[in-house]
Amino acid sequence: MNDFRAALLSAALILLSTGVFACTREPSTSEPPSVLLFNGSGTSPNDARALESLLHERHLNYATADSKALGEMTDAQLMSYRLLIVPGGNFEDMGNGLSPASAAKVRNAIGAGLNYVGICAGAFIAGNSPYNGMNLTSGVRFGFYAAEAKGIRRASVNITIAGAPPLEQYWEDGPQLTGWGDVVARYQDGTPAIVEGMVGNGFVLLIGTHPEAPNSWRQGLTFTAPATVSRQFAATLIEAALAGKPLRHF
């Protein structure tokens with residue numbers, strides 16, 4: 001990628017949201033965490049670590065909760081956070097690891113103003129999944145992106161982003177997000193790759209790819225831009241969701 005294209009892409013990513021935080025300090029244990037990262041049953045440990053490293057890079061205070069801890073949280077404890085992030089993994093195991101009461105508690109908290117980012121499995125479970133989904137989508141159930149039907153389990157895919165140049169993404173068994181929300185980005189076949197919308201007072205952002213993926217995930221696949229470009233996009237998405245500010249959409 002030449003210097004001009006790199007600069008153009010960097011500028012476009014910044015303009016995606018109506019405002020992105022300028023982080024000028026390290027996370028401080030004296031301040032309550034604003035982000036809750038779920039790392040319970042069904043989540044990919046590698047994805048949880050990738051997201052933790054990204055949150056640290058962006059100087060965002062966060063806490064983690066497994067399935068048991070999330071289930072034991074009171075409504076007030078859950079609402080003390082501004083953003084819940086549910087990473088990729090196995091959405092069947094993820095849903096089955098949560099009780100119906102836990103799923104309902106999260107859904108109610110989002111309706112009351114907790115923002116949500118669901119990545120891959122975290123997007124599947126946000127829908128009307130038969131595996132104890134949160135049904136933030138008023139009955140919409142998401143299917144896999146078309147590559148899955150061709151026997152492809154992981155790939156480099158290009159997504160078209162509203163108001164920005166196309167961007168390479170790491171994809172692995174992720175959903176296409178037809179039927180709910182405003183479309184922030186589309187796969188090459190036109191189906192939604194990233195969507196956003198309000199659920200009550202909570203801002204919800206669902207992502208079918210893995211923009212947070214580090215270089216180590218890309219072995220055997222062809223990418224022309226480094227993982228840092230995609231991870232910058234992931235940071236833009238997370239910071240917009242944290243602020244509850246919609247991104248540009250089609």
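## Salt bridges

The structure holds 5 salt bridges, a salt bridge being a side-chain nitrogen of Lys or Arg within 4 Å of a carboxyl oxygen of Asp or Glu. The model is a predicted one, in which local features need pLDDT of at least 70, side-chain atom pairs count only at pLDDT 80 or more, and totals for chains, interfaces and linings use all residues. Residues are numbered from 1 along each chain as its sequence is written, and side-chain values use heavy atoms, with hydrogens and water left out. Side chains of opposite charge can pair when their charged atoms come close.

One of the salt bridges joins R231 and E57, with 3.1 Å from N to O. This pair links distant parts of the chain, since R231 belongs to helix α8 (residues 227-243) and E57 to helix α2, 174 residues apart. Helices (H or I, at least four residues) and strands (E, at least two) are DSSP runs, numbered from the N terminus. R231 is buried, with a relative accessible area of 11%, while E57 is partly exposed at 45%. Here, buried means under 20% relative accessible area, exposed means over 50%, and partly exposed lies in between (1.4 Å probe, protein chains only).

A second example is found within helix α3 (residues 67-72), where E72 and K68 lie 4 residues apart, about one turn of the helix. The closest N and O atoms of E72 and K68 are 2.7 Å apart. E72 is exposed, at 52% relative accessibility, and K68 is exposed as well, with a relative accessible area of 58%. Elsewhere, R153 and E148 form a salt bridge at 3.7 Å, N to O, and a network of salt bridges links E148, R153 and D173.

## Aromatic pairs

The structure holds 7 aromatic pairs. A pair of aromatic rings is described by the distance of the centres and the angle of the planes. Rings of Phe, Tyr and Trp (its six-membered ring) pair if their centres lie within 6.5 Å; planes under 30 degrees apart count as stacked, over 60 as edge-to-face and the rest as tilted. The pair of F91 and Y131 is edge-to-face, because the ring centres are 5.9 Å apart and the planes stand at 70°. F91 lies in helix α5 (residues 91-96) and Y131 in the loop between α7 (121-124) and β5 (143-144), 40 residues apart, and the pair links these distant parts of the chain. F91 is buried, with a relative accessible area of 15%, whereas Y131 is partly exposed at 27%.

The rings of Y145 and Y187 have centres 3.9 Å apart and planes at 15°, so this pair is stacked. Y145 is in the loop between β5 and β6 (154-161), and Y187 is in the loop between β9 (182-186) and β10 (192-199), so the pair ties together parts that are 42 residues apart in sequence. Y145 is buried at 8% relative accessibility, and Y187 is buried at 2%.

## Charges over rings

A charge sits over a ring if NZ of Lys or CZ of Arg is within 6 Å of the ring centre and within 35 degrees of the ring normal. The charged end of R218 sits over the ring of F223, 3.8 Å from its centre. The charged end of R186 is placed over the ring of F250, 5.1 Å from the ring centre.

## Cavity and pocket

Rolling a probe the size of a water molecule over the atoms shows where empty space is left. On a 1 Å grid over the protein atoms alone, a cavity is a set of points where a 1.4 Å probe fits but cannot get out, and a pocket is an open set with protein on both sides within 12 Å along at least five of seven lines; lining residues have an atom within 4 Å of a point. Grid points are joined across faces, edges and corners, and a volume is the space filled by probe spheres set on the points.

A search of the whole structure finds 1 cavity of 30 Å³ or more. The volume of the largest cavity is about 40 Å³. Its lining consists of F38, L70, L84, V86, M94, L98, I125 and M134, which by class gives 8 nonpolar, no polar and no charged residues. Ala, Val, Leu, Ile, Met, Phe, Trp, Tyr, Cys and Pro count as nonpolar, Asp, Glu, Lys and Arg as charged, and the others, Gly among them, as polar.

By class, the lining of the second largest pocket has 3 nonpolar, 5 polar and 3 charged residues.
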